[in-house]
Amino acid sequence: MLIYLPIAGLSVNMFIIFGMGGAVGFLSGLFGVGGGFLLTPLLIFSGIPPVVSIATVASQIVASSSSAALSYWRRRMIDMKLALVLMLSGAVGTLLGVVVFNALRQLGQLDLIISICYVTFLGLIGTLMLRESVRSMINSRKGRPAPLRRAAQHNWVHRLPFKMRFKRSKLYVSAIPVVALGFGIGFLGALLGIGGGFILVPALIYLLRVPTNVVIGTSLIQIVATMSIATMLHAYSSQTVDIVLALILMVGGVIGAQFGVRVGQNIRGDQLRALLALLVLAVGIRFLIGLVTPPDERYSLTILTGGAL
Amino acid sequence: MAILAGVFGLVAGSAAAETLTIALSTAEIKVNSTFSGETVTLFGVIERDAATVSRNTDYEIAVVLRGPPQDVIERRKDRIAMVWVNSASETIVAAPSFYALDTSGELAEISTPPILARNEIGFDSIDFQYKGRDGADDPVATEFRDAFVRLKKNAGLYSEQPAGVSFIGGTDDVFQAAMWIPANAPDGEYTVEVFLFSGNALLAREEGRLHITKVGFEQLMYSSAHNHALLYGLACVLLALFTGWLAGVIFRRD
């Protein structure tokens with residue numbers, strides 16, 4: 001069934017888009033990630049303009065993260081003070097991200113920068129994840145216990161000034177890394193159409209030593225806030241949020257996530273992480289191929305006045 | 001045939017030569033979400049009076065349908081350090097967003113290049129204005145112009161139909177042209193120009209109008225996204241939060 005996307009300005013098969021939302025939702029439920037870094041590329045590869053993909057996925061992330069955030073809220077598994085600092089710095093980062101997004105768009109270099117960022121991030125994170133999961137698989141096969149993480153030990157981050165006390169996390173750390181983290185995630189989220197949970201969660205655990213019982217809920221709150229702001233700003237400054245596309249993705253996503261969670265409970269963690277790593281690497285390689293292969297059509301048109309192409 | 005001319009047609013021309021009377025099958029097209037394109041038929045009559053000289057060459061007709069003008073940035077990718085990057089760019093001012101040419105024969109047999117160029121009949125004759133460039137002789141402008149026409153043709157927005165105009169029922173003075181309006185045709189005011197030629201000479205010219213309006217839910221969304229951007233953004237966020245909340249309620253397991 002063809003459905004017309006008013007902002008993207010093209011007709012798409014509704015079931016294909018719904019299926020994409022569902023598939024990414026399934027994976028996000030399976031792996032416990034937001035899925036923006038998979039959904040945005042998938043939309044771009046299927047022909048939706050990158051500007052529309054990024055802005056629209058921001059609103060889809062709000063939907064998929066808010067339902068999980070709500071359940072953590074009910075169980076009081078959130079450090080509100082930490083979330084507030086992350087949110088405020090995230091809002092500033094998001095604002096700057098949207099400004100850079102629009103500037104790059106005017107220069108005609110947005111697609112290029114997006115591709116380069118995706119290749120870099122996905123390549124880096126995919127490689128790290130793959131290495132870690134393969135190592136833990138080898139360890140468990142040889143019957144060695146997984147090396148214990150020295151979670152209690154302090155690192156250089158804890159020697160920075162401007163310390164703040166976060167009671168819920170039982171932390172007394174400098175505000176600098178917290179603000180930098182919130183800002184960076186907000187900036188990347190607005191620019192690339194990702195929630196950033198796959199960066200934020202490990203950073204909170206390994207860098208700041210935030211206890212694992214509040215880390216997911218706190219990062220979800222931050223993601224809901226910054227992606228809501230990103231949606232508003234994209235809609236306001238460039239009119240690129242497609243509400244029809246967003247709704248199809250949201251519904252597909254929340255349904256797919258339910259199945260993903262159930263399947264995920266029956267698969268071993270290290271195998272799951274290796275699978276996710278391969279997936280992340282595949283998406284990164286796809287972007288790399290797009291950058292270096294000669295394009296079929298070297299010319300492109302951008303309409304300045306008077307509607308869609 | 002005068003009946004056909006009655007509703008939308010306009011009558012014009014000089015007293016001595018032929019005059020053209022045209023009528024479109026519709027003056028307005030409403031594009032909704034299920035719109036997959038539509039044919040607009042143009043009817044025309046060549047009228048002669050007693051003073052008109054008899055001609056020993058056939059009549060030829062050219063019909064140009066033009067969409068509203070658009071300013072467009074055209075970019076070219078070049079290879080810079082292994083990577084394909086948008087490098088060169090040109091801005092075209094007020095290029096026709098849509099251009100369909102229907103003729104009764106090959107352009108070369110209808111008239112001479114100078115006359116075609118003066119009336120902007122045919123892709124080669126469209127007067128593209130490149131910002132900061134002189135036009136026809138500039139090799140860069142020519143290169144970008146060819147690419148622009150190719151992209152527009154591929155998008156179905158530019159077309160040339162050498163057999164698009166046919167004379168009805170063996171007559172030599174009543175003709176029709178079926179013009180295809182694709183689903184992606186931009187909305188706005190379109191102009192139809194009809195040219196009458198004989199023996200390469202332009203005898204008469206007539207103009208009509210066609211309006212394309214987008215209607216329905218999708219148009220409402222498009223216009224609110226542009227005219228009430230902040231409210232639209234807020235609506236998107238609320239929709240997302242509501243969907244998330246609803247999913248939480250439906251699939252709640254704790």
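What follows is a chat about a predicted model of chains A and B.

Colleague: Let's start with the two chains. How many residues of chain A are in contact with chain B?
Modeller: 45 residues of chain A are in contact with 46 residues of chain B.

Colleague: Which parts of chain A supply that side?
Modeller: Helix 3 (50-74), helix 8 (212-237), helix 9 (243-264), helix 10 (269-292) and strand 5 (299-303) of chain A each give at least two residues to the side that touches chain B.

Colleague: And what classes of residue are they?
Modeller: On the side of chain A that touches chain B, there are 28 nonpolar residues, 16 polar and 1 charged.

Colleague: You mentioned strand 5 of chain A. Which strand of chain B do its bridges join it to?
Modeller: Strand 5 of chain A is joined by 5 bridges to strand 5 (residues 69-80) of chain B, and the two run antiparallel.

Colleague: Switching to chain A by itself. How do helix 1 and helix 2 of chain A cross?
Modeller: The axes of helix 1 (residues 14-31) and helix 2 (residues 36-45) of chain A come within 9 Å and cross at roughly 155 degrees. The angle is over 145 degrees, so helix 1 of chain A counts as roughly antiparallel to helix 2 of chain A.

Colleague: Left-handed or right-handed crossing?
Modeller: Helix 1 of chain A passes helix 2 of chain A in a right-handed crossing.

Colleague: Which residues make the contact?
Modeller: Helix 1 of chain A brings Met20(A), Val24(A) and Leu27(A), while helix 2 of chain A brings Leu38(A), Leu39(A) and Leu42(A). By class, that contact has 6 nonpolar residues, no polar and no charged.

Colleague: OK, chain B now. What's the strand order in the open sheet?
Modeller: The 6 strands of that sheet in chain B go 2-13-12-4-7-9, with mixed pairing. Strand 2 (28-31) and strand 9 (158-161) of chain B are the edge strands, each pairing on one side only. On average, neighbouring strands of this sheet are turned by 15 degrees against each other, direction ignored.

Colleague: How many bridges join strand 4 to strand 12 of chain B?
Modeller: 8 bridges join strand 4 (residues 59-66) of chain B to strand 12 (residues 188-198) of chain B, and these run antiparallel. Leu65(B), for instance, has Val192(B) in strand 12 of chain B as its bridge partner.

Colleague: Last one: how is chain B divided into domains?
Modeller: Chain B has domain 1 (2-215) and domain 2 (216-254). Their centres, taken over C-alpha atoms, are separated by 42 Å. The contact takes 4 residues from domain 1 of chain B and 4 residues from domain 2 of chain B.

Notes: Residues numbered from 1 in each chain as written. Chains lettered and ligands numbered in written order. Predicted model: local features only at pLDDT ≥ 70, side-chain atom pairs only at ≥ 80, totals over all residues. Contact = placed C-beta atoms within 7 Å. Helix = DSSP H or I, 4+ residues; strand = E, 2+ residues; numbered from the N terminus. Nonpolar A, V, L, I, M, F, W, Y, C, P; charged D, E, K, R; others polar. Pairing = 2+ DSSP bridges. Axes fitted to C-alpha atoms, helices over the stretch in contact; angles between N-to-C directions. Parallel < 35°, antiparallel > 145°, perpendicular 65-115°, else oblique. Left-handed = near helix turned anticlockwise from the far one by under 90°. Domains from an automatic or database assignment.
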